[in-house]
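Dear colleague,

Here is the structure that I promised to pass on, and below it you will find my notes on what turned up in it.

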Amino acid sequence: MAGDTRIAEPRAVRRGTVSELRLLNGFEVRRDGRAVALPGSAERVVAYLAVHDGPVRRAQVASALWLDSTEEHAAASLRSALWRLRQAAGSLVTTTVSDVALGPDVAVDLASSTRLANAIVGGRALGDLGVASPVAALDEELLPGWYDDDWVVFRRERWRQLRLHALEALAALLASEGRFGEAVDAAFAAVRVEPLRESAHRALIGVHLAEGNRSEALREYAAFARMLRDELDVEPSPRLTALVEPLTSG
């Protein structure tokens, strides 16, 4: 439709998609609606490809996933993992002599949620997001309890930072439209991700103030101030304190 500014519909719900890859809140592959079990080495290959955009050089995949192996042994391990992957999941991954990539019909939840988060941080209006429950889409961790390889840790932290900014922006956006219950949920989700993050608490206090709940705002400020003193021996910033000062001044 001309003039339609909504973000693209997540590939996971498009008609014709036959494979879904879930990395948020755990690893799962589904094909035609059914879960597909993969060997551990194949899971790692799929996850590595999913957090990179487009094809990845075979040598890069092998060296990242088999760090302690020689180049020759790592390449052989990758070939073995790809063979096992083809046996279990068909065209989930495509290969060339030099590159490896996810198949073009694979819908990745991380990709959809990343597009959503970027749209929110970029200031898109709620009506343009095209997602019924944006808070739920952002309130998920990347591969929790999974391997602690450097590439996993880096991508997990990158997603954590993006979702924090998105949840804080979403709280303000929802509050501006009078959707205070959802706004509180978004702010609380950010606080759960990082309890000592001042901007998350500032977002929550801002929602309480927007709704006219001054006592809730003061209670949240006092609780956060105590936590900062207990954990870090510091005080809230002047910016945060300025939010509640009008409520306490005579």
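Helix H4 (residues 109-121) packs against H7 at an angle of about 45 degrees, and their axes lie 8 Å apart, where axes are lines fitted to C-alpha atoms, for helices over the stretch in contact, and angles run from 0 to 180 degrees between N-to-C directions. H4 is therefore oblique to H7, since angles under 35 degrees count as roughly parallel, over 145 as roughly antiparallel, 65 to 115 as roughly perpendicular and the rest as oblique. Helices here are DSSP runs (H or I, at least four residues), numbered from the N terminus.

This is a predicted model, in which local features need pLDDT of at least 70 and side-chain atom pairs count only at pLDDT 80 or more, while totals for chains, interfaces and linings use all residues. Residues are numbered from 1 along each chain as its sequence is written, and side-chain values use heavy atoms, with hydrogens and water left out.

Among the H4 residues that meet H7 are Leu-110, Ala-117 and Val-121, and their partners in H7 include Trp-159, Leu-162 and Leu-170, contact meaning heavy atoms within 4.5 Å.

Glu-198, found in helix H9 (residues 198-211), counts as buried because its relative accessibility is 18%, buried meaning under 20% relative accessible area, exposed over 50% and partly exposed in between (1.4 Å probe, protein chains only). Leaving aside neighbours within four places in sequence, Glu-198 is in contact with Phe-224, Leu-228, Pro-236, Ser-237 and Leu-240. Glu-198 and Ser-237 are 39 residues apart in sequence, yet 8.3 Å apart in space, C-alpha to C-alpha.

Methods. Helices (H or I, at least four residues) and strands (E, at least two) are DSSP runs, numbered from the N terminus.
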